[in-house]
Amino acid sequence: ECIMTTLSRQRRDTSEVYFPTENYFNINKQFTDDLIRSAESAPRQRIRMCVHSNDDAEVHQMFIVHPGGAYVRPHKHNKKHESLLVLEGSADYLLFSEAGKLEDRVELSDIQSGSSFFQITPAGFYHSLIIKTRWLVFIEVTNGPFIRGESTFSPWSPEEGDIANVAEFLSKYTLTKQ
């Protein structure tokens, strides 16, 4: 079954976030392909398909699609750890100090690539992604409930709408192959 049909049956939270209405379902390659197609028509070309049923769930599991070049503003989760598993595509996972110094860069790709494909980050660490492929499809897992404002954006990074400074920020951290 096509995700377009499945998504139309999901509870839509925003133009990018979907929640299931079924108690169980399975996921295959067609699902991720359909997620990418759905992301293509979303305003920011991002889709988040939550596997958990609502914001109050104890565990939050999400299939997420971001386009290449998307800006993921550095942020930290004050009370939650977060794990990320790459299904398709490639990105650099960046970890920053409180002052904004790049502390670590981890290349993440799907399991067939031979690179790292899983990252776990405890609460309190600023992190971001530099997406290197046309699409990045990943699973993110964190503990719930979701409480807006519980995460903190870094004061040393530009806001999403600040186009010139976002471009400068991304170029600073984007590596070219040598």
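This is a predicted model: local features need pLDDT of at least 70, side-chain atom pairs count only at pLDDT 80 or more; totals for chains, interfaces and linings use all residues.
Seven bridges join strand E7, residues 90–96, to strand E8, residues 102–109, and the two run antiparallel. Strands here, and helices likewise, are DSSP runs numbered from the N terminus, a helix being H or I with at least four residues and a strand E with at least two; two strands pair if DSSP finds at least two bridges between them. Residues are numbered from 1 along each chain as its sequence is written, and side-chain values use heavy atoms, with hydrogens and water left out.

How many of the residues of strand E7 are buried? Seven of the seven are, so E7 is largely enclosed by the rest of the structure. Buried means under 20% relative accessible area, exposed over 50%, and partly exposed in between, with a 1.4 Å probe and protein chains only. In a regular strand the side chains alternate between the two faces of the sheet. On one side of E7 the buried residues are Ser90, Asp92, Leu94 and Phe96, and on the other Ala91, Tyr93 and Leu95.

I turn to the core. A nonpolar core is a set of buried Ala, Val, Leu, Ile, Met, Phe, Trp, Tyr and Cys residues joined through side-chain atoms within 4.5 Å. The largest has 18 residues, and those with the most contacts inside it include Tyr93, Leu108 and Leu129. E7 gives the most to this core, with three residues. Leaving aside neighbours within four places in sequence, Leu129 is in contact (heavy atoms within 4.5 Å) with Ala70, Val72, Leu84, Ala91, Asp92, Tyr93, Leu136 and Phe138. Apart from this core lies another, of 13 residues, among them Tyr18 and Trp135.

Finally, helix H3, residues 163–173. Its residues Val166, Phe169, Leu170 and Tyr173 are buried. The buried residues of H3 pack against E7, E8 and E10, whereas the face turned away from the buried side carries the exposed Ala164, Glu168 and Lys172.

Notes:
Contact means heavy atoms within 4.5 Å.
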